[in-house]
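This report is for a reader who is new to the structure below. Please look over the sequence and the model before reading on.

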Amino acid sequence: MAAVLQPEADLAAPAGALPPLARRPPRFPPGTHITIEGLTKSFAGQPVYQGFELALPRAQLTSVFGPNGCGKSTLINMMAGILPHEGGQVLFDGKTVQDTRIGYVFQNYREALFPWRRALDNILYPLKFIGVSRAEGLERIEQLVQEFDVRVDLHRYPYELSGGQQQLVSIMRALVVEPEVLFMDEPFSALDYELTLLMRERLQKVLHERKVTTLLVSHDLEEAVYMADKVLLLTRRPTTIADFVDVPLPRPRDTGMLTSDAFVALKRHCLAVFQQAVRGGVPA
Amino acid sequence: MAAVLQPEADLAAPAGALPPLARRPPRFPPGTHITIEGLTKSFAGQPVYQGFELALPRAQLTSVFGPNGCGKSTLINMMAGILPHEGGQVLFDGKTVQDTRIGYVFQNYREALFPWRRALDNILYPLKFIGVSRAEGLERIEQLVQEFDVRVDLHRYPYELSGGQQQLVSIMRALVVEPEVLFMDEPFSALDYELTLLMRERLQKVLHERKVTTLLVSHDLEEAVYMADKVLLLTRRPTTIADFVDVPLPRPRDTGMLTSDAFVALKRHCLAVFQQAVRGGVPA
Amino acid sequence: QDKIKVGVFPSSSALPFYVALERGYFKEAGIEPEAVVFNAHPLTVQALVTGDVQAAANLVTLEGANINQRRPGTLSYISLNGQNAQYITEQFIVKNGSTAKTLADLKGAKILSAPGPANLGAAKAVLKAAGLEEGKDYSIQEQQMGVHVGALQAGTFDAGYTLEPVASVAIRNGAARRLEAGVISTYLLGRKEALAFAAGGALSGEFLAKQPAVAARYAAAWAKAVKDVDTDPKVRDLLPKYMNTSAEIAPTVPLAKIVMVKDLKAQDLTDFQKFVDIGVAQGVVKGAVDTKSMVKAF
Amino acid sequence: MTKPFTERLRVLTPAIGVLVLVGIWSIAHTLKIADPVLLPSPGETFRELWQGLAGGTLAHDAWTTVLRTLYSFAIALSIGVPLGIVLGASDRIYRSIEFVIDFFRSTPASVVFPLFLVLFGTGEKTKIAVAAFGAALVILFNVAYGVMNARKQRLLAARVMGASPLQVMVDVTVWESLPQTFVGIRSGISLALVIVIVAEMFIGSTDGLGHRVVNAQMVFEMPTMYAAIFTAGLLGYVLNLLFIVMERRFVHWSGR
Amino acid sequence: MTKPFTERLRVLTPAIGVLVLVGIWSIAHTLKIADPVLLPSPGETFRELWQGLAGGTLAHDAWTTVLRTLYSFAIALSIGVPLGIVLGASDRIYRSIEFVIDFFRSTPASVVFPLFLVLFGTGEKTKIAVAAFGAALVILFNVAYGVMNARKQRLLAARVMGASPLQVMVDVTVWESLPQTFVGIRSGISLALVIVIVAEMFIGSTDGLGHRVVNAQMVFEMPTMYAAIFTAGLLGYVLNLLFIVMERRFVHWSGR
Ligand SMILES: Nc1ncnc2c1ncn2[C@@H]1O[C@H](COP(=O)(O)OP(=O)(O)OP(=O)(O)O)[C@@H](O)[C@H]1O
Ligand SMILES: Nc1ncnc2c1ncn2[C@@H]1O[C@H](COP(=O)(O)OP(=O)(O)OP(=O)(O)O)[C@@H](O)[C@H]1O
Ligand SMILES: [Mg+2]
Ligand SMILES: [Mg+2]
C-alpha cells in the first residue's frame, strides 16, 4: 500500500503536513547502497514486517542476527525480489534488484541446486546471464577452488554430494558471478570445522577487497561479529530492529582478533541486546 | 560379503585358524551397546568404508567429528538401516535395528518432514509405531515444549515454518518416542544462538538421565566435546578412525565448563588429531 | 482424365464401382476415380456435402433421403440396389440349434440387429408385422456388424436381423441358420417380389451441376459395370479383393439386384417411394421426400 | 484497492474457456467454414440443449451416461490406485508387467469390445467393464509413476521411525504420489466417460449420450448431435472439476 | 556372488509381462472360457502373426500405422510440450482454458471425426490430425501439471541468479516437469496409436492395423484379427519402450 500511496502523497504534499520540498528527504546516511523503505509483509494475516526501514552501507558486510522465525530469510528473499511484499520498496542505489548483480546462498541450499546439472555446471549456470564465457567461467571456478581449498569432485551430481559439499557448491555458485550484492543465509551451517574457519577468513578478505555489499545471516554470534562491519540485531515478530551495531575493528582480521577486548566487548553488547529482544515479543 | 560369509566362517571354525570356542570373541569392551563389524560401503566404485569396526558404549553420547564428505551421514544411515551396505553388520545389543527404538534427526531435516501433516502431527507420527496414544503423545509434546521453551505454532504446516523452526520440529519428532538410540546429524545447525545453547544444555542432561545411546554429528568442535562422553574423529575417505577420545568430564555440565582446563585440553587434542587427519587423505 | 473421388463402403454393394475400375470402364470414359473408403455412412454423406467426394458407390437411400430433405439437391442416385427374398440382403437368422421355423417362433428370443435406427426400425416393424411385440415377446439390441457372428456363435443372442455378407459368414461357420430373407419386401412393402431399394450409387448435386458432361461419362461407365454385375458371375472374383468377403463364400454370397435409374419400372418407383415413406414414418427420415427428386436417369 | 474486484472476477476464469470455445464455433459458423447443415450454430445447438435438458430425453441420456461413467470410474479407482501403489513401490515388479499395461493402454477400447462381450455379455456390464478397465490402466500407470518419483528422503524418514513397508506405503508413498494420482484420476474419469460413450455408440444401447450421438448422426440431426457432444464435453469438465476442487483442498503442499 | 547372473536375468524382466499375458490367454483358451472360434489359441495367432509379418501384408499394415502414429505424435509433441509449459507456468491462464482442455479430453475421438473431416478432408491428414489433437491434449495436460507441481525453490534460485521468466522456463521448469512430461509423452504416444487405429477402423482406410482388424472381423478371421490386435499392442509397448529408455537416461534425479 505504502508504495502505491507514495507518489500520491508526494503530489499532495503542499496541501499536507509534509515539508514542501522534501521529495526524498536525506533520511539515509551517505554511502548507502541498499535502502529499504516502509517494507510490509505478513503471512496468513499475521504481520512479519510493518513499515520496516533500513539502509545498508556500500561495500560493507552486514551480519543479521535474530531468533528463529523472526523473518531473516523472509527479509532477504524480499530484498532479492523472489518473495512479494505488500508494501514498501527496496532499492539498490536507486535501482531495482533486476538491475543489480546479486549472489544468493540459500538457507535451503539443497533444494536450490539443480539436480539435473553436475556440480560444475551448477556453478557455471549464473554466468550465462552476465555474458561470461564458459572458458572464463572455468577459470574463475579454478580460482575459487584454489582460494577455498575445495576438495569436491565437481563432476558429480548434487545428490551424490554430502550436505557440506552441496553447501560449498552453493557458495561457489553465488561467488562466481562476482556479485555487487551478496546474500548469504547461514552459508557455513553444514561446513566442517576447518572449512568454516577458512571460509570466514578468506571470504571477509575477498568481499572487503572487492567491495561487495554483503548480507550475512548467521546464528553464530562470534561469526556474525567477526565477519561484519555492522551487525543488525532483530527482534521477534513483528520484527523490528533491536540494534544496528557498528563493528569498527580493523581488517584484515584473523583468529587472533577473537580474543581482543574490543571484539569481546562488542560480542557481549550484541548478546545482551539479542537476549533482551528475544525475551520480549510473542511466539510466532 | 563379510556378512554373508560370517556364518559360514563360523561353521567352518573348527577346521579353520579361528580359536575353537570363539563364536563371538569379546572384541568389544563390556557396556557396549552398538557394534559395527566389517562395515563396507562404496559409492560409484569408490570405497567410503572398508571393514570399518566400531563399538559404541551404552547410554553414552558419542560425538562424530570429521571433514565434509568423509561419510558421517553415510555411517549413521547405514546404522539406522536406511542405506544398504555391501558387507559387515551393525548390531544393537546383538539385535538388528528393526528391534531397536531409534530417533533420527536428519541433516536434511526439511525433506524429512511430511508437508501434508501439520507440525504437531509430524511430531506425533512416530508414536503410532510404538503404541503410544494420541493423548499421551500430546502430553509428551507439551513436556518437550516446556522443556525446550518452544515458541513455534505447531499447527502450521512445515513449509510455513522457518528453517530453524523446521529443525526444531524434527528434533522434537526424534525425541518424542523416547528412543533407546538417538542419531542426530547436525541437529542444531539452523537453530538460533539462544536455542542452541538451551538445547545443548538440556539435551545432554536429558539424554544422560534417560540413558539414551546417542550419536551426534557436529561440525562445532566445542559443541562436539561439550555434549560428548566420547568423541569419534574420522579421517577423509576411505574413512578410518583417527581417534576415539574419552571425555571424562563430570555431568551435568554447564557453560562454565567450556573454559575449564580439562575441556580446553581435550578440545586442543581433538583439533590436532582432526587437522592431521584432514591434511592427509585424498579428495573425494 | 477427370479425377473423381468416390466414397465407398466396403461391402458387396460396392461391386459396380470395382467392376468399372478393374475392367477399365472408367478409364475408357476418361475418368480417373479414387476410392475413399468410409466405414460409416454418415461420413460419406458429409463428404458429399463438403465436396470431398463427388460420388458414392453404395449409399444407404434413407441417408440420401434425409440429407436431400434437409438440403435439397445434395445428391442424386443413378442406380439403386434392390433387395428381397431372391436378392438377399437383409434377413433374420437364428443361432445354430434353434428350432424356430418362422418369424413368429422368435417369441421369447434375444435378438440382435444391424446398427442404426433404420435397421433397428425395420427389424421391429417386421417383427410387429409378424405379430410379435417388443419387450413382451422379444428383446432386441443393435450391435456392430463385426460382432454378429461371434455373438450368435457364443449364444449371447438367439437370433439376428443382419445383412449380407455377414449372414453368409455366420451360416458358413455353422454359427447360424437363415430363417427368412427379404423381410422388408414381404412384410413392409407388402409384396414378396417387390424390391426394397435400400442403397444405391449416387452423385453429388454440385458435381452434377458443375460437370454435367463428366457426370454423364461416369454414369455410362457405371451402367456398363451394372450390366456386368447382373450377367457375369466372374465379377464375384473382385469381392475378396476389395469388399471384405472371404474367398470361400464369394462364389455363393447373395448379391442385391442393381438397377440403373433409367431402367426402373413404375412399380419400382412406387416401391421406392413406399420404402422411403416407411423411413419417414419411423422417424428415420425427418420429413416427407419425393423420391423422384432423388434419382437421376442417365 | 482493486483487489476485491479482481478477486471476484477470478471466479469467472473458467468461463473464459467456454467463451473461447463458443466464440471460435460462432466464427466458424458465421464464416461458413463448414456447411451449416454439418455444423449448426451455437444458438441452435444451445436451444436444442436447453429443450433436451428441460423436457426432452437429453437429460435422461446424460444421466445414464454419468451413472455408467461413475460406476466404471469407481471400479477403476478401487483397482488402479492400490495396484499402482504396490507396483510402483517395486521397480522390478513394475518393469515385469509394464508390457501388459502398455499393451492394453495402446489398444483401442473398441477393439477389446468383442472380448468383453464374451466375458460380460451384452448388458450394462460390458460397457462398465470396458470403461473401468481402460480407466484403471491409466490410473494405475499414473499412480505407479507417482510412487516411483516420490521423494526418497521422506520414505526413509518413515522407515527410520519404525514404519513397516506397508505403513510407509500408506503414510508416505500414497501422499507423495498424490499429485500424480490426481493427474491419473482426472485422466481416468475422462477416459471412462470417453469409453462409456464409445460403448454406447457401438455396443447396442438404448440410451446414453453415445447412443444419442450415433442416432442423431444417422438421421442428420446435427443440432441434436452437437447438443449431445457438448453435453458430453461439459460432463467431462464437471467431473474433472470435482477433482480439481478436491485436489486444491488436499494437495496444498505440492512443490514445497 | 550371484550378482552377475541376476543382473543378466534382469534384462528379461519385461518378458515376464509377455509370458503372463500369453499364459492367461492360453489358459482362457484351454478352459474354453470363450468359444475357441471367438478366441483363437495363442499358437494359431502367432502363426498368423509370423506369416503376416514375414511375407504377408501385416508388416505393411503395421508399418503404415506406425508412420501415421509417429507423424501425429511428432505434431502432438511439438504443440503439447511448449503449450503445456506456457500454460502451466501461469495458473490463471491455465485455469481459464482448462475448460477447453477437459472438454476435449472427455470427448471420444470417434465423435470429433466428422469435425476433422470437414477441416482436413478425407485423406491421410484427418487421421493424423485427430490423433495429433488427442495426443497433444494429453501431453499438454501432463506437462502443465508437471510445471504446476515443480519445486518452487528451484525456480526462485534461477530467478535470483538473473534468469528472465523465459530462461527460468527453459532452464528449470522444463527440467522440473520432465518426469511428468514423460508420463504425458507415454500417455500421448499410446493415445496417438489408439486414435490412429480407431480412425483406420471408422473413417475407413485401405491399409493400417485398424483396417485389418475391421476386415478380419467382418470375414470372421479371428486369428488374423487377434494377430493384428496383438501387433497393435506390441507396437504400443515398443513405442513406449523408446521413451522408457530415454527417461532412464535423462531423469536420473527424480525424487532426489
Ligand atoms: N508460507 C508461509 N506461510 C505462513 N507463515 C510463514 C510462511 N513462510 C514463513 N512463515 C513464517 O514467517 C516467519 C519468518 O520466517 P523466516 O523463514 O523468514 O524466518 P528466519 O528468520 O529465516 O528463521 P530461521 O532462523 O529459523 O531460518 C516465521 O515465523 C514463519 O513461521
Ligand atoms: N548417491 C551417492 N553417489 C555417489 N557418491 C555419494 C552418494 N552419496 C554420498 N556420496 C559420497 O559419499 C561421501 C560421504 O557422504 P556423506 O553424506 O556421508 O558425508 P558427510 O560426512 O555426512 O559430509 P557432510 O559433513 O558434508 O554432511 C561423500 O564424499 C559423497 O560425495
Ligand atoms: Mg531462515
Ligand atoms: Mg552429512
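The text below takes up chain C, then chain A and a helix in it, then a helix of chain B.

This is a predicted model, in which local features need pLDDT of at least 70, side-chain atom pairs count only at pLDDT 80 or more, and totals for chains, interfaces and linings use all residues. Residues are numbered from 1 along each chain as its sequence is written, chains are lettered from A and ligands numbered from 1 in the order in which they are written, and side-chain values use heavy atoms, without hydrogens and water.

Chain C contains 12 helices and 11 strands; helices (H or I, at least four residues) and strands (E, at least two) are DSSP runs, numbered from the N terminus. Its radius of gyration is 19 Å, close to the 19 Å that the globule rule gives for 298 residues, so chain C is as compact as a globular protein of that length. That radius is taken over C-alpha atoms, and the rule is 2.2 Å times the number of residues to the power 0.38. Along the principal axes, the C-alpha atoms of chain C fill a box of roughly 55 × 40 × 30 Å. Chain C has 32 positive and 28 negative side chains, and the centres of the two sets lie 1 Å apart. Lys and Arg count as positive and Asp and Glu as negative, while His and the chain ends are not counted; each charge is placed at NZ of Lys, CZ of Arg, CG of Asp or CD of Glu.

Chain A has nine helices and nine strands. The table gives the buried share (under 20% relative accessible area, 1.4 Å probe, protein chains only) for two chains.

| Chain | Residues | Buried |
|---|---|---|
| Chain A | 284 residues | 56% |
| Chain C | 298 residues | 63% |

Helix α6 of chain A covers residues 163-175, and its 13 residues should span 18 Å at 1.5 Å a residue; the end C-alpha atoms are 19 Å apart, which agrees. The expected span is 1.5 Å times one less than the number of residues in the helix. In α6(A), 13 of the 13 residues are buried, so this helix is largely enclosed by the rest of the structure.

In chain B, helix α7 runs over residues 193-209, and its 17 residues should span 24 Å; its end C-alpha atoms are 25 Å apart, which agrees. The buried residues of α7(B) include Y193(B), E194(B), L195(B), R200(B) and L207(B). After α7(B) comes K211(B), whose phi is positive, near 60°.

Note on methods: Buried means under 20% relative accessible area, exposed over 50%, partly exposed in between (1.4 Å probe, protein chains only).
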